[in-house]
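These are notes for a student reading this structure for the first time. Please keep the sequence and the 3D view open while going through the points.

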Number of protein chains: 2
Amino acid sequence: MNIPKTSYPRIIIIGGGFAGIALARKLSKQEVQVVLLDKHNYHTFQPLLYQVSTGGLEPDSIAYPIRKILKDFPNFHFRLAEVNEIDTTCNTIKTNIGDLKFDYLVVASGSKTNYFGNTEIEKHSMAMKTIPQSLNLRSLILENFEEALLTTDLHERIALMNFVIVGGGPTGVELAGALAEIKKGILPKDYPDLDTRLAQINIIQSGGCLLKGMSENASAKAEDFLEKLGVHVWKNVRVTNYDGKTVTTNSDLTFDTATVVWAAGVQGATIKGLDAKDFVTRGNRILVNQCNQVKGFEHIFAIGDIACMATDEFPNGLPMMAQPAIQQGQQLGSNILKLIEEKPMKPFEYKDKGAMATVGRNKAVVDLKTLRFQGVFAWYVWMFVHLFFLIGFRNRMVVFVNWVYNYIRFDREARLIIRPFKKKFKL
Amino acid sequence: MNIPKTSYPRIIIIGGGFAGIALARKLSKQEVQVVLLDKHNYHTFQPLLYQVSTGGLEPDSIAYPIRKILKDFPNFHFRLAEVNEIDTTCNTIKTNIGDLKFDYLVVASGSKTNYFGNTEIEKHSMAMKTIPQSLNLRSLILENFEEALLTTDLHERIALMNFVIVGGGPTGVELAGALAEIKKGILPKDYPDLDTRLAQINIIQSGGCLLKGMSENASAKAEDFLEKLGVHVWKNVRVTNYDGKTVTTNSDLTFDTATVVWAAGVQGATIKGLDAKDFVTRGNRILVNQCNQVKGFEHIFAIGDIACMATDEFPNGLPMMAQPAIQQGQQLGSNILKLIEEKPMKPFEYKDKGAMATVGRNKAVVDLKTLRFQGVFAWYVWMFVHLFFLIGFRNRMVVFVNWVYNYIRFDREARLIIRPFKKKFKL
């Protein structure tokens, strides 16, 4: 890979998510060379992907070109590349566009969907971790309605209008709420020939509560909101399989459906060379110490979702969310500079700023450290915080315009099938 | 196809472009049943596709769900379908989702790219007639820059940064101008490692002037604008082939390039059953009379790009543009209603409202009937007219926000590679 050689130490960052970008920004204008690699040329604001899937936002407004984020930084190099292997002996990474030596390596490769080994579910269900996946889901939802119009088999029509979301975390809850609003606001207008009552939205949670990790209040209220929107909430049910037609569970419950969204788990997106048992712990995450160092190395780090840093409060590792990722990225920036100057690094301390989730218009739940609230005000807070964390003024403006429009008009206009998903559903 | 049978006459419209939508709107709230078929679930505002290709606008903001345009119209049915054949004997159309009988049929299937029989050019060049095509082109342009960074072969790098646009009509001119602005405004910031001077934009026109059909003034000024932006304008040059590496022409001139955009011609998108020599004239368009009737039929019509209606001013048929399409759609709406009431139809008269094209910021050319002007004011007029004709308030708002932002910031932020085009360029 032709990156110019300088006298500065070279820091390679793998991944342009929240963690990688926060770190790169911290290292800007320092006497280091930063090489950031990602297989996409853009940073994705994952918390809003469900709005892309449900036509509320355009994909471009929740993504941002990585080159643009870092364009004013000297000694910064971005490469569109997939990293195949990390050679910790030679301090080299191997990618599809060539090899590159590093002085410091930061793995910020994030997480991917965890199917817990079930290849049938992996093959037939939809995930929502990337923009292309979200667009595929959007196309599928819309194509299902079009197909439902055509079929003369009632059972098949019901299956085409039946949505099963597996996983009761924020992604599942937010998607279920958005689909319920589509059912209520858009379906009757767009598809007068379809009986809206046939559309069902199911959310299945293996545990006993939604939004695990948030307060009991938030969890109960979210469930209440969803039920008011007509979503069927199934708790303590574990999905065992989906063959493209029928979801089976550990109980008698089955669902005939054309659409399963798998939001039931994530795992670290490990890379060969750092994926051995020595390094990796539960959830396929790389074990790191309080300075984000990978076991056995001074100069190799992991941050964000891929890193498993145990704390007193989180003995199984910090939550796989934006906040720990951003904070670790920022802190590691200072720490690497300290390491270069041979000063002691400062251990990471997670500042838990709380969590939030939205269910629908005027319906959100917010858990702050000292304050918990739900409803309209929570919904405004949720919107404000998400606008604030979006990268780029244009994105904020466009998202804001869309939200205002959608709110006033009870609408979601980004309903284009642009990635036709040529699957023909047959029960 | 399960469309309810009513006592109203059934009018089938094939195509949801400018012509088809104008007609459907005109027929709303009348005592007719309207069935509109399109292979996309959205209407595309084609005049702005080049801005999608060059990252200035999101695809969703220049497209609009067809169901939504027509949602308040009773007796209206949209079906996502591809029409394979028209059976004029049985008054039936055959589609991928079944057959359907009609009382009146309107072919508004528009136009497609014309490669004049050259399959090599068709295989290797990019077209820009649909949203998926425009997104492919956007991805290719961005991937070329990423690849240019990686190659160590200077010749190859130059070819990756060399853009050849074939065709000097509005599409070609507008795309060339937009690429020139990317070269000037974005390339140096995003790719500091690339020598911007290597990027070349070429526009090739077989005839002696750009924007054929507009005034001499407009043509000359557009050329002047393009040259000021650093675009190479090649007139009286005919491209003979492109093998994926090198463009050859009817002169000594050749271009080594990874990107050829073919905007050199369109032809009618005919459908089996109406594609025989009896019906079709030059440019693969269906010959119609002044009431848009297809030869030999009282109840079968063609409107828009697909229809070839000769007038005194345009003996070879009206231009393939939005205005004639919209006007024909509106007029045919009244005429079909007259036909049903057994009243005489009114022959179509084209009201030429003029033409315009934009080259870049503050640079456009406008030909109105009595007034011709170029420059800043023309640019404002161009923007105003395009905003006005966009369908949907949200689209207008989002496009407006983007344009203001792009103008102030000299930027185009929709630079996501979301449809990876896995072609690896090798000279």
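Where in chain A does UniProt place the feature "transmembrane region"?

1. The UniProt record, an unreviewed entry, places it at residues 376–393 of chain A. Bear in mind that the model is predicted, and that a UniProt annotation may be inferred rather than shown by experiment. In the model, the span 376–393 of chain A is 83% helix and 0% strand.

2. Helix H11 of chain A covers residues 376–389, and Val376(A) lies in it. Together with Phe377(A) and Tyr380(A), Val376(A) makes a nonpolar surface patch of about 320 Å². Val376(A) counts as partly exposed because its relative accessibility is 44%, and the partly exposed class runs between the 20% limit for buried and the 50% limit for exposed.

3. The UniProt record also has an entry, again unreviewed, called "domain: FAD/NAD(P)-binding", listed for residues 10–329 of chain A. Over these residues the chain is 29% helix and 27% strand. The end C-alpha atoms of residues 10–329 are 17 Å apart.

4. Two residues of chain A deserve a look at their backbone angles. Most residues other than glycine have a negative phi. Lys29(A) is not a glycine, yet its phi is positive, at about 60°. Lys29(A) sits in the loop between helix H1 (18–27) and strand S2 (33–38) of chain A. It is classed as exposed because its relative accessibility is 61%.

5. The second residue is Phe116(A), which is not glycine either and has a positive phi near 50°. Its place is the loop between strand S10 (111–113) and helix H4 (119–124) of chain A. Is Phe116(A) buried or exposed? Its relative accessible area is 56%, so Phe116(A) is exposed.

6. In chain B, Ile93(B) is part of strand S7 (residues 92–95). Ile93(B) is buried because its relative accessible area is 0%. Leaving aside residues up to four places away in sequence, Ile93(B) touches a set of residues including Ile12(B), Ile14(B), Leu37(B), Val83(B), Leu100(B) and Phe102(B). Among its contacts are also Glu85(B) and Asp99(B). Ile93(B) and Ile14(B) are 79 residues apart in sequence, while their C-alpha atoms are 9.7 Å apart in space.

7. Gln205(B) belongs to strand S12 (residues 200–205) of chain B. With a relative accessibility of 9%, Gln205(B) falls under the 20% limit and therefore counts as buried. Which residues does Gln205(B) touch, not counting those up to four places away in sequence? They are Gly167(B), Gly168(B), Gly169(B), Leu210(B), Trp234(B), Lys235(B), Asn236(B) and Val237(B).

Terms used: Residues numbered from 1 in each chain as written. Chains lettered and ligands numbered in written order. Predicted model: local features only at pLDDT ≥ 70, side-chain atom pairs only at ≥ 80, totals over all residues. Heavy atoms only, no water. Patch = residues over 30% accessible without salt bridge, like charges linked within 9 Å, V, L, I, M, F, W, Y side chains within 5 Å. Areas by Shrake-Rupley, 256 points an atom, 1.4 Å probe, with all protein chains shown as cover. Salt bridge = Lys/Arg side-chain N within 4 Å of Asp/Glu carboxyl O. Helix = DSSP H or I, 4+ residues; strand = E, 2+ residues; numbered from the N terminus. Buried < 20%, exposed > 50% of the residue type's maximum accessible area, 1.4 Å probe, protein only. Contact = heavy atoms within 4.5 Å.
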